[in-house]
Amino acid sequence: MTKQKGILLSISSILLGFALNGLAWTILPGPMFSTLGLLLGIALFIFGVVMLIISVNKN
């Protein structure tokens, strides 16, 4: 994966995780869907941050 594609993937993952957390706090019904949304959103956000750090430090 090139540096530019890695950065694009990480930024889109961060934004998707942020949006999913927002949906989990406001729109998603019931404890099951909101909990799954929060966990998946946090996982996407952390994955995006880690990938961004790796992509920026790539030679």
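1. A patch here is built from residues with over 30% relative accessible area and no salt bridge, in which like charges are joined within 9 Å and nonpolar side chains (Val, Leu, Ile, Met, Phe, Trp, Tyr) within 5 Å. A salt bridge is a side-chain nitrogen of Lys or Arg within 4 Å of a carboxyl oxygen of Asp or Glu, and accessible areas come from the Shrake-Rupley method with a 1.4 Å probe, where for residues only the protein chains shown count as cover.

2. The model is predicted, so that local features need pLDDT of at least 70 and side-chain atom pairs count only at pLDDT 80 or more, while totals for chains, interfaces and linings use all residues. Residues are numbered from 1 along each chain as its sequence is written, and side-chain values use heavy atoms, with hydrogens and water left out.

3. On the surface, F18, F45, V49 and I53 form a nonpolar patch that together has about 380 Å² of accessible area. Helix α2, residues 30-56, supplies the largest share of this patch, namely three residues, and I53 is found in that helix. Helices (H or I, at least four residues) and strands (E, at least two) are DSSP runs, numbered from the N terminus.

4. Helix α1 has 24 residues and reaches 35 Å from its first C-alpha to its last, close to the 34 Å expected at 1.5 Å a residue; the expected span is 1.5 Å times one less than the number of residues.

5. Buried means under 20% relative accessible area, exposed over 50%, and partly exposed in between (1.4 Å probe, protein chains only). The buried residues of α1 are G6, S10, S13, I14, G17, N21 and A24, and these pack against α2. In α2, S34, G37, G41, G48, M51 and S55 are buried, and they pack against α1.

6. S34, which lies in α2, has a relative accessible area of 15% and therefore counts as buried. Contact means heavy atoms within 4.5 Å, and, leaving aside neighbours within four places in sequence, S34 is in contact with A24, L28 and P29. A polar atom of the S34 side chain lies 2.9 Å from the backbone oxygen of G30.

7. L16, placed in helix α1 (residues 3-26), counts as exposed because its relative accessibility is 51%. L16 and P29 are 13 residues apart in sequence and 19 Å apart in space, C-alpha to C-alpha.

Conventions:
A polar contact is a pair of N or O atoms within 3.5 Å; within protein, one must be able to donate a hydrogen and the other to accept it, and residues adjacent in sequence count only if both atoms are side-chain atoms.
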